[in-house]
Amino acid sequence: MQTFIQLSATALQIGAVYVLFSLGLTLIFGVMRIVNFVHGHIFSVAALVVAYLLPALATGGLSAPAAYVLASLVAITAALSVGALLYIFGFRYFQRDLVGSFILSIGLVLLLDGVLLHVFGGAVRGVPEIFPGRVSIGGAQVTVQRLFLCAVAVLMAVSLYLTLGHSRLGKALRAVSYDHEAAMMVGVPYARIAFFGFMIASLLAAIAGALLAPVTIVSPVIGTDYLIKGFIAVIIGGLGSVPGAILGSIFVASIETFGSYYLDSSYATLAIFGLVIIVLLFCPKGVLGRG
């Protein structure tokens, strides 16, 4: 039983990052009807800036938590700047154009791969632990660092859910995701709402990158693996669905964690892709998707 609790806790920790990642993907698709393969690079920029800046700030005399907060703020700002540039000079011209945005995404992926490699180098970097210690929850040992990660992920997911459900911006985002032409006819500024949706998604990716940097090895390609898992989560949960993105993320993380423990990581990966095939065959819009 203790093993099950420990594995469940690990799955929730991994799922927390997937949730932040997949929420951004599903928000962009819901509002703009595009598939953004560059989402992983926004995540990578935030993680890389934290990995490079934090040690320098800590060496300069700041405490680890203070250095982490400052590095995270700079990292999120840098990632949001990249996101804004991608939208202004690229994606805003291909809204609701799946083929055009797909080709643009692939080109931008190749471009940013080269830029990140040139700026940050190809070496992997580790970030020192910011919040040391462990806590016991139901018999499961969880590091304080990962508990912090989960808490922020839950806070961001709840904030996004409340924003979409109860704010004017959220109602406008939902309106354009259902029928953007009808929304424009009643006065919703679609171009501005699309930009806000893209930037909120970029913010989620940036926060995920800053949170993950202290608990993993950071490299310029760190976003690629999370991008694939994020897409799998939204395909299972349903493209454009916030609850679906959360459900899919927890599901993928659970298969990955339990499969790796009881079988092998390769079998867990095969099981995830097998699940995607089954979902696409019998439920092409995803478990909670609405098309």
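## Salt bridges around Lys 229

Glu 256 and Lys 229 meet through their side chains in a salt bridge, with N and O 2.5 Å apart; a salt bridge here is a side-chain nitrogen of Lys or Arg within 4 Å of a carboxyl oxygen of Asp or Glu. The pair links distant parts of the chain, with Glu 256 in helix H9 (residues 242-262) and Lys 229 in helix H8, 27 residues apart. Salt bridges that share partners join Asp 225, Lys 229 and Glu 256 into one network, and the structure holds two salt bridges. This is a predicted model, in which local features need pLDDT of at least 70 and side-chain atom pairs count only at pLDDT 80 or more, while totals for chains, interfaces and linings use all residues. Residues are numbered from 1 along each chain as its sequence is written, and side-chain values use heavy atoms, with hydrogens and water left out.

Asp 225 forms a salt bridge with Lys 229 in which the closest N and O atoms are 3.8 Å apart, and both residues lie in helix H8 (residues 222-237), four residues apart, about one turn of the helix.

## A nonpolar surface patch

Val 99, Phe 102, Ile 103, Ile 106 and Leu 110 make a nonpolar surface patch of about 510 Å². Patches are made of residues with over 30% relative accessible area and no salt bridge, like charges being joined within 9 Å and nonpolar side chains (Val, Leu, Ile, Met, Phe, Trp, Tyr) within 5 Å; accessible areas come from the Shrake-Rupley method with a 1.4 Å probe, and for residues only the protein chains shown count as cover. Ile 103, which lies in helix H4 (residues 98-120), counts as exposed because its relative accessibility is 56%.

## The hairpin and the overall fold

Strands S2 (residues 134-137) and S3 (residues 140-143) run antiparallel and are joined by four bridges, where pairing requires that DSSP finds at least two bridges between two strands. Val 135 stands opposite Val 142 in S3, and two residues separate the strands of this hairpin, with Gly 138 in the turn having a positive phi of about 65 degrees.

The protein chain has ten helices and four strands, which are DSSP runs numbered from the N terminus (helices H or I, at least four residues; strands E, at least two). Buried residues make up 48% of its 291 residues.

Methods:
Buried < 20%, exposed > 50% of the residue type's maximum accessible area, 1.4 Å probe, protein only.
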